[in-house]
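The sequence and the model come first, and the description follows.

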Amino acid sequence: YAAKARQCGSLIYHPQLDAGSQESLSLLSELRRAVENDELRLYLQPKIDLHRGRVVGAEALVRWEHPVRGLVPPMQFIPFAEQTGFIRLLSAWMLSGAARFSQQAREAGLDLRLSVNLSTRDLMDQELPAKIEALLSPLQVPAESLCLEITESTIMDDPERALSTLEHLHAMGLKLSIDDFGTGYSSLAYLKRLPVDELKIDRSFIMAMERDLDDARIVRSTIELAHNLGLTVVAEGLETLKAWAVLARLGCDEGQGYFVSKPMPQEQFIAWARAWQPPEPSTITAESVMA
Ligand code: C2E
Ligand code: MG
Ligand code: MG
Ligand code: MG
């Protein structure tokens, strides 16, 4: 088994991997096979309303259940999928899975907004809005139940073209979110021009804010900035009750992180959401007083 795993070592993405190399060709064929053999999994991580404690949505995150390597995390193949254009197929698979899950959740009495991550190549695809339309039309899922997460760098490659796709998607009723906010080449001017509804503060700031005053200040002013622009703010990397308390006090709307749950297979999500018990408001307040 170990020898076999080592043979597959090349599956891990290395930034220096050049597109035409043998390693890269075999990774691409492995990815194609993964789709044919149904090896991709859609995991979901809950998003919580920090003031009411309710589950309001979930982010769809891809996993690769490799027959030899086990569960491969997205960072080991997403950058490669982006370079080779394979990402479009993967995004279509994720979008369709998320939309179908949203329908399933509605049938189970849960009103959830499903978020899907998109890459630059997706936004360069002028057929994307039509593809999403086709995917939603046979379902009873309103466009507002889908949220597309993009990063600042996703937009920067070709801002005009990205903007036109985003405007089209927004006009259809889809929600748009800026992911990992604060880590890219943030241009506040783009925040103003883009038709976004939500801003996700990168987890590096959230995870450091309890011990680093600068991070705490960045979090506080980002929440304020987002609210002034009429955006919902989501904190990524919510790992402690104390972080919840601090974020709630700062007015942050939603949170997502290991304190609530790690991403889980979609099959487990509905049962998890029904069993979810938010912490007592009094314990949150107590933490906040101590903070
Ligand atoms: P992301 O979109 O920022 O997703 C959040 C990542 O943070 C996830 O990692 C999640 O497991 C992790 N995370 C959530 N809460 C916590 C926490 O409390 N602590 C810590 N340490 N980590 C937390 P994951 O699933 O490994 O995904 C990594 C990145 O890969 C994603 O970052 C996203 O950029 C990309 N990705 C994942 N799935 C897809 C996909 O279907 N399409 C595309 N284009 N990118 C994807
Ligand atoms: Mg994301
Ligand atoms: Mg993120
Ligand atoms: Mg992040």
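## Two helices in contact

Gly97, Phe101, Gln104 and Ala105 of H4 meet Gln266, Phe269 and Ile270 of H13, where contact means heavy atoms within 4.5 Å. The residues of this contact comprise four nonpolar, three polar and no charged; Ala, Val, Leu, Ile, Met, Phe, Trp, Tyr, Cys and Pro count as nonpolar, Asp, Glu, Lys and Arg as charged, and the others, Gly among them, as polar. Helix H4 covers residues 87–107 and helix H13 residues 266–275, and the two pack at an angle of about 30° with their axes 11 Å apart. Axes are lines fitted to C-alpha atoms, for helices over the stretch in contact, and angles run from 0 to 180 degrees between N-to-C directions. Helices (H or I, at least four residues) and strands (E, at least two) are DSSP runs, numbered from the N terminus.

The model is predicted: local features need pLDDT of at least 70, side-chain atom pairs count only at pLDDT 80 or more, and totals for chains, interfaces and linings use all residues. Residues are numbered from 1 along each chain as its sequence is written, chains are lettered from A and ligands numbered from 1 in the order in which they are written, and side-chain values use heavy atoms, with hydrogens and water left out.

## The aromatic cluster

Phe101 and Phe269, both named in the helix contact, belong to one aromatic cluster together with Trp244, Phe259, Trp272 and Trp276. Rings of Phe, Tyr and Trp (its six-membered ring) pair if their centres lie within 6.5 Å; planes under 30 degrees apart count as stacked, over 60 as edge-to-face and the rest as tilted. By this rule there are six aromatic pairs.

One of them is edge-to-face: the ring centres of Trp244 and Phe259 are 6.0 Å apart and the planes stand at 85°. This pair links distant parts of the chain, with Trp244 in helix H12 (residues 241–249) and Phe259, 15 residues apart from it, in the loop between strand S9 (254–256) and strand S10 (264–265). Trp244 is buried, with a relative accessible area of 1%, whereas Phe259 is partly exposed at 29%. Here buried means under 20% relative accessible area, exposed over 50%, and partly exposed in between (1.4 Å probe, protein chains only).

The rings of Trp272 and Trp276 have centres 5.4 Å apart and planes at 25°, so this pair is stacked. Trp272 counts as buried at 19% relative accessibility, and Trp276 is buried at 17%.

Helix H12, which holds Trp244, is mostly covered, with seven of its nine residues buried. Among the buried residues of H12 are Leu241, Trp244 and Leu247. Gly251 follows H12 and has a positive phi, near 90°.

## The magnesium ions

Which residues coordinate the magnesium ions? The table sets out the donors of ligand 2, ligand 3 and ligand 4. Donors are N, O and S atoms within 2.8 Å of the metal (3.2 Å for Na, K and Ca); water is not among the atoms, so sites may look incomplete.

| Ion | Donors | Distances |
|---|---|---|
| magnesium ion (ligand 2) | Glu59 (OE), Asn117 (OD1), Glu149 (OE), Asp179 (OD) | 2.0 to 2.2 Å |
| magnesium ion (ligand 3) | Asp179 (OD), Asp180 (OD), Glu236 (OE) | 1.6 to 2.3 Å |
| magnesium ion (ligand 4) | Asp180 (OD), Glu236 (OE) | 2.3 to 2.7 Å |

The donors of ligand 2 follow the spacing E-x57-N-x31-E-x29-D along the chain. Asn117 lies in strand S4 (residues 113–117) and Asp179 in strand S6, so the pair ties together parts 62 residues apart in sequence. Asn117 is partly exposed, with a relative accessible area of 28%, while Asp179 is buried at 5%.

Asp179 coordinates both ligand 2 and ligand 3, which are 3.7 Å apart. The donors of ligand 3 are spaced D-D-x55-E in sequence. Asp180 lies in strand S6 (residues 175–181) and Glu236 in strand S8 (residues 232–236), so this pair ties together parts 56 residues apart in sequence. Asp180 counts as partly exposed at 25% relative accessibility, and Glu236 counts as buried at 10%. Asp180 coordinates both ligand 4 and ligand 3, which are 3.0 Å apart.
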